[in-house]
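Subject: Structure handover and notes

Dear colleague,

Here is the structure I promised to pass on to you. Please look through it first, and then read the notes below alongside it.

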Amino acid sequence: MIGSRQQHDAALPPGTTGVIRIDLDRLAANWRVLAALGRPAECAAVVKADAYGLGAIRCIPALATAGCGTFFVARLEEAIEVRALAPDAVIYVLDGLLPGAEHVYSRIRARPVLSSLEEVLAFAAFGRATGSRPAAALHICSGLNRLGLPETDVLTLSQEPGRLAQIDLQLIMSHLASADAGDDPRNAQQLATFQSLRSKLPVAPASLAASDGMMLGPAYYCDLTRPGYALYGGQPSGSLRTPVDPVVTVHARVLQVRDIAVGASVGYSGIWTAARPSRIATIAAGYADGIPRSGSAPNGCENGAVAFSGILAPVVGRVSMDLITIDVTDLEPETCQPGDWAELIGPTITLEEAGRRAGTIGYEILTRLSRRFYRMYSGGG
Ligand SMILES: *Cc1c(COP(=O)(O)O)cnc(C)c1O
């Protein structure tokens, strides 16, 4: 158990002040649970943003070994990395086709998620020019109004099917706007829109649900589910528990503990002033590590916090680039000493709680944890 003063982890390089622990067996188990939940639909894994900041280089082989054969990324660069790690996998790139990128898709055998008539035209032209029928997905918009073909463009394709003739259409997908709210009527509306638009296109497997969409029930599974956040132990739904376990803990070291008098202020601009004699722990994690500055206190709402031996202690003063300051006055002195580890994410502070305390969501907390944290992996064969 991390937190005791004498704890010294021989696996950490000397001088390490922040560590992210990633349990690859849990990651694989979460994929298996979600795959079983969605069956007979296939379960892909969304591994964009370096597997949500946890390290694609370790997470992708663990997911592939668990049986995952389809990966989604956002950027073409990310697809190049996935291909090197999963030689046989199907890879989709959500950004779609940018001009001149056709040859890269062909070289790494990845599939663009085509999002406009222009992209369809360009990819079909590439097929004709190379005497091939390249594989792709088609993203249709069912209400999110972010990416994807609007209804008028879907109708164009249905009236002029020749536009798709040179493309090997492997997937038709859309994305839900409000799936984190299980009772939002817009979910059923989007599902109906998706099914109706899809029926106008050539027959191809369909995909609609990300992590939260999977909690809306079998109607949303279609042929392929696309969870990301839940694989990494996140709870995406505001109302329903996703049957996954945490994968990640984050700890940072206490550098100093000091006693301050009533009226003394802490940190930049002195926004927090001690109303009682206080003990302040200075921790080696700041906004350059991905700790949101919005967790500073006071900030008009709930402030950031860390935990020692399962007990919460609040951030006081500004979150700075490399450091946060914590009010540990109410803790037993022996639970927080220089060299000890503060829990930033773990059994006491979930990703969701850390997000809420900074006025954001667990997704942002997870994906912004910076390279300054040492990443330590367990499991994964
Ligand atoms: C990021 C993303 C996903 C995965 O979402 P999670 O909420 O992390 O499961 C699925 N589909 C699309 C289009 C995405 O952008």
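On the face of helix 4 that is turned away from its buried side sit Glu77 and Ala84, both exposed, where exposed stands for over 50% relative accessible area, buried for under 20%, and partly exposed for what lies in between, with a 1.4 Å probe and protein chains only. Helices (H or I, at least four residues) and strands (E, at least two) are DSSP runs, numbered from the N terminus. Please bear in mind that this is a predicted model, in which local features need pLDDT of at least 70 and side-chain atom pairs count only at pLDDT 80 or more, while totals for chains, interfaces and linings use all residues. Residues are numbered from 1 along each chain as its sequence is written, and side-chain values use heavy atoms, with hydrogens and water left out.

Helix 4 covers residues 76-85, and its buried residues are Leu76, Glu78, Ala79, Val82 and Arg83. Seen down the helix axis, these buried residues fall within an arc of 145°, so they line one face of helix 4; the arc is that of the directions from the helix axis to the C-beta atoms. As background, an α-helix has 3.6 residues a turn, so residues three or four places apart point the same way. The buried residues of helix 4 pack against helix 2 (48-52), helix 3 (56-66), strand 4 (70-73), strand 5 (90-93) and helix 5 (102-108), contact being defined as heavy atoms within 4.5 Å.

Next, the strands. Strand 11 (residues 248-260) runs antiparallel to strand 1 (residues 18-23), to which five bridges join it, and Arg21 has Thr249 of strand 11 as its bridge partner. Strand 11 is also joined by four bridges to strand 18 (residues 341-345), again antiparallel, with Ala342 in strand 18 as the bridge partner of Ala252. With strand 14 (residues 278-283), strand 11 pairs in the antiparallel sense over six bridges, and there Gln256 stands opposite Thr282. Two strands are taken to pair if DSSP finds at least two bridges between them.

Turning to the ligand, 14 residues surround it, the closest being Lys48, Tyr52, Ser211, Tyr229 and Tyr363; a residue is counted if one of its heavy atoms lies within 4 Å. An oxygen atom of the ligand is 2.5 Å from a side-chain N or O atom of Ser211, and a polar side-chain atom of Tyr363 likewise lies 2.5 Å from an oxygen atom of the ligand. A nitrogen atom of the ligand is 3.0 Å from a side-chain N or O atom of Arg226. Taken alone the ligand exposes 390 Å², of which the protein buries 91%, with accessible areas from the Shrake-Rupley method and a 1.4 Å probe.

Finally, some backbone details. Most residues other than glycine have a negative phi, and most peptide bonds are trans. Arg39 and Pro40, however, are joined by a cis peptide bond with omega about 10°, and Pro40 is found in the loop between helix 1 (24-38) and strand 2 (42-43). A cis peptide bond also joins Ala297 and Pro298, with omega about 0°. Ala51, which lies in helix 2, has a positive phi near 55°, and at 0% relative accessibility Ala51 counts as buried. Ser309 has a positive phi near 45° and, at 46% relative accessibility, counts as partly exposed.

Methods: A polar contact is a pair of N or O atoms within 3.5 Å; within protein, one must be able to donate a hydrogen and the other to accept it, and residues adjacent in sequence count only if both atoms are side-chain atoms.
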